[in-house]
Amino acid sequence: MNKNKFQECEIVQDLLPLYYDDACTQASKEFVEQHLADCEKCQKTYAELKNNTFDTLLKKESESVLERHAKKERNAAYKAGAVIALLLLIPIVITFFVSMSSGGDLGVFAVLTASMLLVAALTVVPLMSQQKRFVKSILTGILALLAIFFFVDRMNGGGEFVLWSIPTIFGLSIVLFPLVIRNLTLPVVLSDKKALITMVWDTFWLFLTIFEVCNHAGDMEGMRTGYIVAIVFMVGIWLIFLTARYLPVSVWIKSGLIVGIISIWTVFANDVCGYFIEHKKQLTILFADFSNWTDTDCVNGNIFVLALILGGGISVALFITGLAKRNGKI
């Protein structure tokens, strides 16, 4: 390397920090870039500078500190979960030995064990799990609750476990199943169908609940009535869901259709149920008489007419707005 080249390298290396921070003049920037194009030594120096800047070192150190802190927190949570689990075992062990020494059965012991499992689902599982804590807590809690039902049912002579379990699962599913499935990793073919799976799941448990409650009571007529009401109710819910989720139109048109569905369903659902349950051919809306607000049928008819007019007007307005926006007129 000649003397001029060496001096040029010294100048460039002095300029590299300013060049990296884009703090040098345009002339200096062009000078550095021309030199870097032909000088492997300065290219290497610049590469090392980029890999060892203060920001990079600070970022790496911050990540290291955060990782150590997270690991420390995980260890502390795991230890706390283990301590709580051991504490929950104490009443279980005591109850076991008391039951054995008194010559009784293990029914109370089993119920207490299941109850402690329910407490553990809400405390130990979240502390000791590193992934999907919420899902694991919910599933463990439901299993513990079902175990309590089972052992209490055994203690009382049996026969009520299914009756208690199915409505409980249905009620919990309405609130918790959407949260659970949202945090689950499903196969690719089902990953975009979580809302549909939720609807199918809840519908299934609704009809299973009607069946179990009525079958347990031996009320076949009540089962028929319950199914008719559930079908009419769920038809409206499913129409709204399918329109909102899958209909390939604008949100304005979807909103108009949904308002229309709700209006029609509100006005005629009761009459449809009456027809299939009592074989009563009646349209309450035909009893409308705005001069009469004392007779029950007239009042219902008046309200339904107003609901139909208001809902129909809003539905048409939203639908027309959607069409206008699609055609670029708004």
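Visitor: What makes glutamate 278 exposed?
Guide: Its relative accessible area is 52%. Exposed means over 50%, buried under 20% and partly exposed in between (1.4 Å probe, protein chains only). Glutamate 278 is therefore exposed. This is a predicted model, where local features need pLDDT of at least 70, side-chain atom pairs count only at pLDDT 80 or more, and totals for chains, interfaces and linings use all residues. Residues are numbered from 1 along each chain as its sequence is written, and side-chain values use heavy atoms, leaving out hydrogens and water.

Visitor: Why is the pairing of glutamate 278 with lysine 280 called a salt bridge?
Guide: The closest N and O atoms are 3.6 Å apart. A salt bridge needs a side-chain nitrogen of Lys or Arg within 4 Å of a carboxyl oxygen of Asp or Glu. The pair therefore qualifies. Lysine 280 is partly exposed, at 38%.

Visitor: How do you know whether aspartate 153 is buried or exposed?
Guide: Its relative accessibility is 1%, so aspartate 153 counts as buried. Its side chain forms a salt bridge with that of arginine 154 (3.2 Å, N to O).

Visitor: What separates arginine 224 from glutamate 221 in helix H10?
Guide: About one helical turn, because they sit three residues apart in H10 (residues 220–246). Arginine 224 is partly exposed at 30%. Glutamate 221 is partly exposed at 47%.

Visitor: What makes serine 173 buried?
Guide: Its relative accessible area is 6%, so serine 173 is buried. Serine 173 touches Pro178, Trp201 and Asp202, not counting residues up to four places away in sequence (contact means heavy atoms within 4.5 Å).

Notes. Helix = DSSP H or I, 4+ residues; strand = E, 2+ residues; numbered from the N terminus.
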